[in-house]
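Look over the sequence and the fold, then read the points by topic.

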Amino acid sequence: MNKWRQKFHLEAPIGFLNDPNGLCHFKGIYHIFFQYCPSDAEGNGSKSWGHYTTTDFVSYTFLGEAISPTIPEDSDGVYSGSALIHNDTMYLYYTGNTKEVGDFDYVYKGRGANEILVTSENGIDMSEKKVLLRNIDYPDYCSCHVRDPKIWKEGDIFYMILGARSMDDEGLVLFYQSEDLENWTYLSDFKVNDMGFMWECPDYFTMGDSAYLSISPQGLEANEFKNQNIYQAGYAKVEGDIENLSMGEFQEWDMGFDFYAPQTFDDELGRKILIGWMGMPDADYGSPTVDLGFQHCLTIPRQLCLHVEGKILQQPIQELLELRDISKPIVNGKYTLPFEMEAMIQENEFEIIFDDKLEFKYKDGIVEMTFTQGAYGSDRGTRKAKIESVRNIRVFADTSSVEIFLNDGEMVFTTKFFPDSDVEIRSSNLVGEIYQLKSFIIN
Ligand code: FRU
């Protein structure tokens, strides 16, 4: 074990982890699949789906690779996708990635994107693969980048949303429909002007009376307070029929350095839960854990709740309270990782400083997360966001990551950090507790 192996965040035992996939609650068990590249900690090998299960989000079982490349249609990777539970069966949909041999750019030519179905009666043993859609089934204005199916049901009809890049380098989503979960017909597409060149990992879901579209767009314009990462992940309220959608304001899910490709699912208790990838593709900052043979983790699961019109709150699921151990009031001093801090803000202004190297401050309506020393954040710099007032904060600090929730999850900052051991905390204007956290258990 090494000091940066996380204590309550899911990682790959070896190699590279990226997107959460196939999230579902099936026959009382939560299944958390993920993009997994055991052969290379930088993700440059063959991708499969890794698999964790849990019943309580405190103890987990790692089941290795659930779906790996085995057919010509997924020979260059079992890419991202989702789960749908129907008639006591788990339906898993993913994109089989293929690359033709030759001199291709693999954007406009040379790549195959196949939507593939696998089913399971027990969540562990998988059926034969069925290829459902191929490049020829997508509109002809699409490039070879079409992927990441998410499925849902409305009335008697099933819908599939796919992320895509057009030949004109515009990001968009495609909608398909089906009555039997196997035969899919094209329904419509949806895009918005000036919203990047590619939309990955789309998710369409409802909360209350509203529908939302979540996407991971690439190529958005940045400013000092928005879209500061190379790629974004966010959501917007959408209105109208699927064939005729309009979209409200795009809100980033997370304002930190490391958050991408989230996916939502409904559990058997009626909660809508979101898990993201704590990583960022093509970022110009890295992670020293690569030298130790692994990289990245998933975020803690966040329950989604509706706030005021159009806004979604992200709240750490309540099972995480089980990890709390002894606590003491917040005072400056050294704390052993992992810990959780929960506090009320005094005077609408505060700061928390980790080891004099990571500053998290709020003043005059601006939140700022800044690494003041390069290696501590492995060259992460500053992220800023605007928020009118801050009333409360929860900080989840693991051995190499922090997730900071403001105002009951109205805004979240997620980042990796790489402290040596215990962390020296200095803070001001916070009144609350710091809880030592127990590690979760992995079987
Ligand atoms: C997002 C993504 C997906 C793709 C997967 C491949 O991080 O690029 O679009 O399916 O990763 O690992």
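Pro338 sits in the loop between β25 (333-335) and β26 (339-345); strands here are DSSP runs (E) of at least two residues, numbered from the N terminus. The peptide bond between Leu337 and Pro338 is cis, with omega of about 0 degrees. This is a predicted model, in which local features need pLDDT of at least 70, side-chain atom pairs count only at pLDDT 80 or more, and totals for chains, interfaces and linings use all residues. Residues are numbered from 1 along each chain as its sequence is written, and side-chain values use heavy atoms, with hydrogens and water left out.

**Ligand site**

- The ligand takes the space of the largest pocket. A pocket is an open set of points, on a 1 Å grid over the protein atoms alone, where a 1.4 Å probe fits, with protein on both sides within 12 Å along at least five of seven lines. A molecule sits in a pocket if more than half of its atoms lie within 2 Å of the grid points.
- β1 (15-26), β5 (78-86) and β9 (142-154) each give two or more residues to the shell around the ligand.
- Residues around the ligand include Asn18, Asp19, Tyr79, Arg147, Asp148 and Trp277; a residue counts if one of its heavy atoms lies within 4 Å.
- The shell has 5 charged, 3 polar and 3 nonpolar residues. Asp, Glu, Lys and Arg count as charged; Ala, Val, Leu, Ile, Met, Phe, Trp, Tyr, Cys and Pro as nonpolar; the others, Gly among them, as polar.

**Contacts to the ligand**

- A side-chain N or O atom of Lys47 is 3.1 Å from a ligand oxygen.
- Ser80 uses a backbone N or O atom, 3.1 Å from an oxygen of the ligand.
- In Glu200, a side-chain N or O atom is 2.8 Å from a ligand oxygen.
- On its own the ligand has 320 Å² of accessible area, and the protein covers 91% of that. Areas come from the Shrake-Rupley method with a 1.4 Å probe.

**The six-stranded sheet**

- An open sheet of 6 strands runs in the order β20-β1-β2-β3-β4-β36, with mixed pairing. Strands pair if DSSP finds at least two bridges between them.
- β20 (294-295) and β36 (441-442) are at the edges with a single partner strand each, so one side of each has no neighbour in the sheet.
- β3 (residues 48-54) and β4 (residues 59-67) are antiparallel, with 5 bridges. Trp49 has Ile67 of β4 as its bridge partner.

**A hairpin and its next strand**

- β28 (residues 358-363) and β29 (residues 366-371) run antiparallel, joined by 6 bridges. Lys363 is opposite Ile366 in β29.
- The two form a hairpin with 2 residues between them, and Asp364 in the turn has a positive phi of about 50 degrees.
- β29 also pairs with β30 (residues 382-386), antiparallel over 5 bridges. There, Thr370 has Thr382 as its bridge partner.

**Backbone point**

- Cys201 lies in β13 (residues 198-207). Cys201 is not a glycine, yet has a positive phi of about 45 degrees.

Methods: Polar contact = N/O pair within 3.5 Å; in protein donor to acceptor, adjacent residues only side chain to side chain. 1 Å grid on protein atoms, 1.4 Å probe; cavity = no way out; pocket = protein on both sides within 12 Å on 5 of 7 lines; lining within 4 Å. Helix = DSSP H or I, 4+ residues; strand = E, 2+ residues; numbered from the N terminus.
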